[in-house]
Amino acid sequence: MNRSGMWWTVQGANAILELLCSIETAQLYGYFDRVREAAALELRAFATNIVDSAIPT
């Protein structure tokens, strides 16, 4: 992760490290389950914000 020209955010570096550790410990399916759950939470939050902002108060 420390090659010439590479720039990482803390979030991106943590995601890559978690992926690499999951591969090394043969727990890849668990990694993708966590990624899928996080994406679903983000989508729900995004959809909720759109719906809430469309409803006049």
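The structure holds two salt bridges. The model is predicted.

**View 1. Glu18 and Arg34 join in a salt bridge between side chains.** The N to O distance is 2.7 Å. Glu18 lies in helix H1 and Arg34 in helix H2, so the pair ties together parts that are 16 residues apart in sequence. Glu18 is partly exposed, at 34% relative accessibility. Arg34 is partly exposed too, with a relative accessible area of 41%.

**View 2. Arg36 forms a salt bridge with Asp33.** The closest N and O atoms are 2.9 Å apart. Both residues sit in helix H2. They are three residues apart, about one turn of the helix. Arg36 counts as exposed because its relative accessible area is 53%, and the cut-off for exposed is over 50%. Asp33, with 37%, is partly exposed.

**View 3. The largest pocket is lined by residues of both H1 and H2.** Its volume is about 160 Å³. Each of the two helices supplies at least two lining residues. H2 gives the largest share, five residues. Glu18 and Arg34 are among the lining residues.

**View 4. Helix H1 covers residues 10-24.** H1 has 15 residues. From its first C-alpha to its last, H1 reaches 21 Å, close to the 21 Å expected at 1.5 Å a residue. Just after H1, Ala26 takes a positive phi of about 60 degrees. Helix H2 spans 28-54.

**View 5. Ser22 is a buried residue of helix H1.** Ser22 counts as buried because its relative accessibility is 4%, and buried means under 20%. The C-alpha atoms of Ser22 and Phe32 are separated by 9.4 Å. Along the chain, these two residues are 10 residues apart.

**View 6. Leu17, Leu20 and Ile23 make a nonpolar surface patch.** The patch comes to about 260 Å². Ile23 belongs to helix H1. With 46% relative accessibility, Ile23 is partly exposed.

View 7. Of its 57 residues, 5% count as buried. The accessible surface is about 5300 Å². Carbon and sulfur atoms account for 63% of that surface.

Definitions and conventions:
Residues numbered from 1 in each chain as written. Predicted model: local features only at pLDDT ≥ 70, side-chain atom pairs only at ≥ 80, totals over all residues. Heavy atoms only, no water. Helix = DSSP H or I, 4+ residues; strand = E, 2+ residues; numbered from the N terminus. Expected span 1.5 Å × (residues − 1). Buried < 20%, exposed > 50% of the residue type's maximum accessible area, 1.4 Å probe, protein only. Areas by Shrake-Rupley, 256 points an atom, 1.4 Å probe, with all protein chains shown as cover. Patch = residues over 30% accessible without salt bridge, like charges linked within 9 Å, V, L, I, M, F, W, Y side chains within 5 Å. Salt bridge = Lys/Arg side-chain N within 4 Å of Asp/Glu carboxyl O. 1 Å grid on protein atoms, 1.4 Å probe; cavity = no way out; pocket = protein on both sides within 12 Å on 5 of 7 lines; lining within 4 Å. Points joined across faces, edges and corners; volume = space filled by probe spheres on them.
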